[in-house]
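Student: I should like to go through the terms used for this model one at a time. Please set each value against its definition before drawing a conclusion.

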Amino acid sequence: AQAGAKQVAAAKAAPPAKATRAKASTAKPAKKAGSRSATAAVLEAKSRADRAAAAPPAPGGDAKALQLDAHRMVKLDTELTTDQGIGVEDTDNTLRAGPRGPSLLEDFHFREKIMRFDHERIPERVVHARGSGAHGYFQPYDTALAEYTAARFLTDPGTRTPVFVRFSTVQGSRGSTDTPRDVRGFAVKFYTDQGNFDLVGNNMPVFFIQDGIKFPDVVHAVKPEPHHEMPQAASAHDTFWDFVTLQPETMHHVIWLMSDRAIPRSFRTMQGFGVHTFRLVAADGTRTFVKFHWTPVAGVHSLVWDEAQKISGKDPDFNRRDLWESIEAGLYPEYELGVQIIAESDEFAFDDIDLLDSTKLVPEEVVPVVPVGRMVLDRNPDNFFAETEQVAFCVQNIVPGIDFTDDPLLQARLFSYLDTQLTRLGGPNFAQIPINRPLAPVRNHQQDGFHQDDIPVGQANYHPNSLGGGCPVVPGAGGGAFVHTPEHVDGIKERKRSETFSDHYRQATLFWNSMAAWEKEHIVAAYRFELGKVAHRHIRERMVEHLNNIDHQLAVAVAAGIGVPAPKPGRPNHGRMSPALSQASMPGSTGVVGRKVAVLVADGVEGASVESIQAALAEDGAVVELLGLVDGAVTTAAGDALPVTRAMNTVASVLYDAVVVADGEAAVEQLVNDGYAVHFVAEAYKHAKPLAVLGVGDRLVQAARLPVFEASDRITAPASKPSAGALDGVVFLAAGADADDTFLTELTTAIAAHRHYDRPVDGIAA
Ligand code: HDE
């Protein structure tokens, strides 16, 4: 049935360029090729031509970077002026009639400065208001997709197409936190030579609703409630659960929302999905259906809920900072683009999936995801507002070789994005804002309006014309223009949902069945948490009834936590699974690259083991920080000064991926007597993070009363060091011992595994 998909899969069984990628990503990441200083050098060049000549090859996205150069404003070595270019005499004192006298209206510099300040804010996005952006490039592995699409950026392996990506949360406002339980936006703007293509996706492959006309309802329901504007950045409240329990088509997306996908560890470690079925159109007009997938090479990894909530206080910019710092450190986030290709003739070949229904996914086991290229994010924006805030993604932006389908959610989006930008960006000329400008030339008779930035030259502003030489000439189908796919349309005008959209539970069951045991536990806990915040009992009960249609055990487990009677067995579970849906199936291939490791130290620390671990992890691409009880430096047992990165109480275990407890009698004594240090270790353990315990550092672990010490051999003979797996991610080094290769391999294996959810955590006081 899936002939098309199989052909592509076979053709790409071992894509050569992909192998190159895998090799590159396991190698030690190259330092960012001085892109900051390169940018600075570029900015100092006097003319645009100079800049083009002087600029070293920008790390990806060269063409867009050069286009942006023309708009960058450098302030170094300049003098202060008004907006009119008039030099400013004094910007600290208003013009007054005498030092103690009234201010004068004549002070144009004061009035202009305040006026500009008063109008700094623009409306935030109605959804996805909080986001973080990065520049980079996309490059296809080979020409394999040429059989399916005329889009050059997908088929020419010699072309690096510049991209700008914006990751976002959905519910919270612009100033909210990075780590709520929420869907994440994953929007990519490709500046292709055929025009801009915006793939405006999410980190979950399905959506809450089937028809765009329900979008205002679902968004109103999840946003802070209208009477008191609470809660911020949370779905755990009555209106959300009232809506979803009355709109059962939401059930599949809601179970994804209750999974760990809703609390990604990092933008570097989450998938992205185009969600809708799109079309690919080949040069000869042949059409296929396509679903787009982004897979992070660092694996799919999440936080745990307790941790996510604490991070909201300790560092609300957690994901944004991680993205920024990774790029600054040259640890470039990388994602592989994959496609599921479905022949048009197979449109109705699936039992219970209508390809136009965005609440359904096509399991990878049914149609494989074929890797076609990679995206690397290698440059931070220069200015948050100018780029990340002003970028305008429009689902309607597609290029020849790609087309829409009749998915009613997609069709609604085609209207919404253009419409919302008009208000948000203050008029119809937002495509001229530097971050939105295509690299492909723009020539048409659209004109005027707020913020026209171009100066159209000539007399003729209409088509057809002879006064302007007939220009711009309409290139037409043969000239590379976008041609809407010819499609036979026939139907009765009516407001009616297709019968093929009517099943709302079977794919939620598929998702549930596909989860690892720890993922299931987290899902049950999430439903309990969210519904536990719902004040109206009948809403909780209604949700348990829906869960009973997904899986009886799930419903019983959730009911037991929220004071609702267990339901009687409901519809039988169909028993099908899609292992690819589990995060456990995507560990990633970059080892410890970008993982943050805290090393707890104090005066008297054994410096040698700390330094060798620090060097080895840094060599592998991890970010290692030494945390002291106070900032500055500690004195090692050997009397040397060892600089610390920061004081422990300015951070928290929730901001790290792994913790190392250093060796040294005096040092450990101080750590044991410091409640913050004890809590640090206990909390990291509770959140299933890898721990390395060096020598007498085990006393701190004992003080934290971690169950890892219940087995007596672990207390008495840590030096015997069972494998990392045997101790659920806790690795030991005997007192005074060298951090040898065996130990370091155990440690890096434990860190690369991200979390060790099988360990017992009940009763940990943290
Ligand atoms: Fe959006 N969505 N959306 N959405 N969406 C917006 O556009 C909308 C949907 C997504 O980083 C808005 O510029 C409707 C699905 C992302 O700037 C708005 C419907 C998916 C972003 C809008 C949907 C998305 C948005 C708000 C139902 C995943 C952030 C500000 C028919 C495939 C882009 C803006 C960025 C933003 C409308 C459903 C993803 C109001 C009407 C499904 C990633 O136009």
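Student: Which residues point either way from β18, and what makes them buried or exposed?
Tutor: Val730 and Phe732 point to one side of β18, Val731 and Leu733 to the other, and all are buried. A residue is called buried if 20 or more other C-beta atoms lie within 10 Å of its own, exposed if 12 or fewer do, and partly exposed in between, with C-beta atoms placed from the backbone. In general, side chains of a regular strand alternate between the two faces of the sheet. This is a predicted model, in which local features need pLDDT of at least 70 and side-chain atom pairs count only at pLDDT 80 or more, while totals for chains, interfaces and linings use all residues. Residue numbers start from 1 along each chain as its sequence is written.

Student: How do you know whether Thr288 is buried or exposed?
Tutor: Thr288 has 22 other C-beta atoms within 10 Å, so it is buried. Thr288 belongs to strand β7 (residues 287-296). Thr288 and Phe278, 10 residues apart in sequence, have C-alpha atoms 8.5 Å apart.

Student: What makes β7 a strand?
Tutor: Strands are DSSP runs of E with at least two residues, helices are runs of H or I with at least four, and both are numbered from the N terminus. The chain comes to 23 helices and 18 strands.

Student: Which strands pair with β16?
Tutor: β11 pairs with β16 in the parallel sense over 4 bridges, and 3 bridges join β16 to β17, again running parallel. Val660 of β16 stands opposite Val599, and its bridge partner in β17 is Ala692. Ala658 and Val660 point one way from β16, Val659 and Val661 the other, and all are buried.

Student: Why is the sheet of 6 strands called open?
Tutor: The 6 strands form an open sheet with parallel pairing, in the order β15-β12-β11-β16-β17-β18. β15 (646-647) and β18 (730-733) are at the edges with a single partner strand each, so one side of each has no neighbour in the sheet. Helix α20 (residues 675-686) packs on this sheet and touches β11 (596-600), β16 (658-661) and β17, its direction making about 135° with that of β16. Axes here are lines fitted to C-alpha atoms, for helices over the stretch in contact, and angles run from 0 to 180 degrees between N-to-C directions.

Student: What angle do α7 and α8 make, and which residues meet?
Tutor: Helix α7 (residues 215-222) packs on α8 at about 145°, with the axes 6 Å apart. Asp217, Val218, Ala221 and Val222 in α7 meet Thr239, Phe240, Asp242 and Phe243 in α8; a contact means C-beta atoms, placed from the backbone, within 7 Å. The residues of this contact divide into 5 nonpolar, 1 polar and 2 charged. Ala, Val, Leu, Ile, Met, Phe, Trp, Tyr, Cys and Pro count as nonpolar, Asp, Glu, Lys and Arg as charged, and the others, including Gly, as polar.

Student: Why does the span of α13 agree with expectation?
Tutor: The expected span is 1.5 Å times one less than the number of residues. For the 17 residues of α13 this gives 24 Å, and the end C-alpha atoms are 24 Å apart, so the two agree. Pro408, Leu409, Leu410, Arg413 and Gln421 of α13 are buried.

Student: What makes a residue part of the shell around the ligand, and how many are there?
Tutor: A residue is near a molecule if its C-beta atom, placed from the backbone, lies within 6 Å of it. There are 24 such residues around the ligand, the closest being Arg125, His128, Gly185, Gly212 and Val275. The largest share, 6 residues, comes from α13, and the shell divides into 11 nonpolar, 10 polar and 3 charged residues.

Key. Two strands pair if DSSP finds at least two bridges between them. Two residues are in contact if their C-beta atoms, placed from the backbone, lie within 7 Å.
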